[in-house]
Amino acid sequence: MQQEQFKVNQPGGFHVENNNTTAVLSPISEQAEETKTSSQPANALSMQDGHKPAAEKKRSARPSENKRMKIFCGSSNKPLAEEICKFVGVPLGETRLQRFSDGEVHFQLLENVRGADVFLVQPTCDPVDQHLVELLIMMDALKRASAGRITVVIPYYGYARQDRKDRPRVAITSKLVADLLTTAGANRALLVDLHAAQIQGFFNIPVDHLFASPVLVSYFRDLNLPNLTVVSPDAGGVERARFFAKKLELPLAIVDKRRTDINVTEVMNVIGDVRGRTCLILDDIIDTAGTLVKTADALLEQGAEKVYACATHAVLSGPAVERIKDSRLEQVVVTNTIPLREDAAKVAKIKVLSIAGLLGRAIESIHMETSVSTLFN
C-alpha cells in the first residue's frame, strides 16, 4: 500500500493525501471533508504514523491558566485600585470615563478584554447613586466587549443597611442592588464586611465575603493596649465583636441601644464590666458618628479609663468628623474601603489602614481558582 503524506492544514486539522483520498480532518468535529471517495475512515487515517486525533490533544489543567487577568476601576476609589494592582503585579486597565453636561455617564474601555478574567473595583460610596450607576455602565461595557468573566469588587456595598422590612411599605434596597449587579453582567462578587451577612443570599451568583478583621486585629495586637475589652455598640454587631475578641483573647462587652429614627440612636445600658478597662468599640460602619460618640461616653461613665474605636467603612457623613474631633475617643482606626474625606484626613485621631493586600490576595485566589478561606485568619 502506498505511504500517505501528512501535513498541517491551516487554520487547523491534518491534510491527508494519497491516490484515493484528499481529506481535511477538523480538530473539533473529528469528521473528514472528502473531495474524493475515501477508502478508509478518517480516524483510521489520522492514527497512522503515530498521529492522534486532535480531540485527544492534552488540555490545560485549569481554564484560568489561559486567561488574562485585567483590573479596572471607576472614579470612587482609584488609589485603592492602584494599590491592589501594585500588590498583584497587574497594570490598572485603561479606560475613559466622562460625563455629559447633564451628568450622564459615558464610559469606554481603551484595551481589548475579549475572553479576559476581569476584576472591576468600585465601592458604592458617596455619592452612592452616581457610583452605583457608573458601576452598572462599566459592567455593561465589559459584557458587550466579550469579557470572559466579570468579578465586581465592591469594598463598600452601598444600600446594605436596608436589608429587611423593619417598617411597613419600605424597600429592601440591598436585594435590589444585588439584582441590578447580576442583570448588568456580574458573574461573581467580592465584598468586604457587609452590614448583614445574609445579604450574600440576595445574590444568584457566587459571592466571596471578606472581613477586614485580620488587618484590624494585627494593628491592635501590635499596639498592645493594657486591660483591653472589645465592645459591640449594638446587638447586631455581637458576632463581629466576638470574633475579634476571640482572635485577641480578650473579654467582650455589649452596649444596648435603641434606634429612634434614621441616624438617631439612644444608648440604654452597658452589658459587661468595663470599670478600669481600656475599651475598643468595634463596628462595620461609622456614618454620622452619633452612635460611636454616645457609646464612648456611656463606657467612660461606667468607669472605663480609655476608649478606642475601629470600623471597616469610614462613611463619615454630615457632622461625623467634628463629632470625632471633639469626642473623648483616643483614636479611631478605619480602613481605606472608602477614600477619606479631606477634612477627616486632617484629624489626628483618625488613622487609616489599607486592605489592598487582603483584596489583592483574594483576587489572585479567584483568578487561580484556589481557596480564599485562608484570608479569614
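## Helix axes and conventions

Axes here are lines fitted to C-alpha atoms, for helices over the stretch in contact, and angles run from 0 to 180 degrees between N-to-C directions. Helices (H or I, at least four residues) and strands (E, at least two) are DSSP runs, numbered from the N terminus.

The model is predicted, so local features need pLDDT of at least 70 and side-chain atom pairs count only at pLDDT 80 or more, while totals for chains, interfaces and linings use all residues. Residues are numbered from 1 along each chain as its sequence is written, and side-chain values use heavy atoms, with hydrogens and water left out.

## Chain overview and confidence

The protein chain has 10 helices and 18 strands. Of its 377 residues, 47% count as buried; buried means under 20% relative accessible area, exposed over 50%, and partly exposed in between (1.4 Å probe, protein chains only). A contact is defined as heavy atoms within 4.5 Å. Among contacts between residues at least 6 apart in sequence, 60% join residues at least 24 apart.

Confidence is given as pLDDT, the predictor's value for each residue, from 0 to 100. The mean pLDDT of the protein chain is 85, and 79% of its residues reach 70 or more. Over residues 1-66 the pLDDT is below 50, and this stretch has 84 contacts in the model beyond near neighbours in sequence. Where pLDDT is low, the predicted coordinates should not be read in detail.

## Helix packing

Helix α5 (residues 213-223) packs against α6 at an angle of about 45 degrees, with the two axes 10 Å apart. That angle makes α5 oblique to α6; angles under 35 degrees count as roughly parallel, over 145 as roughly antiparallel, 65 to 115 as roughly perpendicular and the rest as oblique. The contact is made by S213, L216, V217, F220 and R221 of α5 with F243, F244, K247 and L248 of α6. α5 passes α6 in a right-handed crossing. A crossing is left-handed if the near helix is turned anticlockwise from the far one by less than a right angle, and right-handed if clockwise.

Helix α2 (residues 78-88) and helix α10 (residues 356-368) pack at about 55 degrees, and their axes are 8 Å apart. α2 and α10 are therefore oblique to each other, and their crossing is right-handed. On the α2 side the residues are L80, E83, I84, F87 and V88, which meet A356, G357, L359, G360, R361, I363 and E364 in α10. Helix α3 (residues 128-144) and α4 have axes 8 Å apart and an angle of about 25 degrees, so α3 and α4 are roughly parallel to each other. Here L132, L135, L136, M139, D140 and K143 in α3 meet V177, L180, L181, T183 and A184 in α4.

## Salt bridges

Side chains of opposite charge can pair when their charged atoms come close. The structure holds 11 salt bridges, each being a side-chain nitrogen of Lys or Arg within 4 Å of a carboxyl oxygen of Asp or Glu. In one of them, R161 pairs with D287, the closest N and O atoms being 2.7 Å apart. This pair links distant parts of the chain, 126 residues apart: R161 is in the loop between β9 (149-154) and α4 (173-184), and D287 is in the loop between β15 (278-286) and α7 (290-301). R161 is partly exposed, at 39% relative accessibility, whereas D287 is buried, with a relative accessible area of 13%.

K175 forms a salt bridge with D179, with the closest N and O atoms 3.1 Å apart. K175 and D179 are separated by about one helical turn, because they are four residues apart in helix α4. K175 counts as partly exposed at 27% relative accessibility, and D179 counts as partly exposed at 31%. The bridge between R341 and D343 has its closest N and O atoms 2.6 Å apart. R341 is partly exposed at 28% relative accessibility, and D343 is partly exposed at 35%.

## Two loop positions

G74 lies in the loop between β5 (69-73) and α2. At 8% relative accessibility, G74 counts as buried. Leaving aside neighbours within four places in sequence, G74 is in contact with V121, Q122, E134 and M138.

A235 is in the loop between β12 (228-232) and α6 (238-248). A235 counts as exposed, at 62% relative accessibility. The C-alpha atoms of A235 and I254, which are 19 residues apart along the chain, are separated by 7.0 Å.
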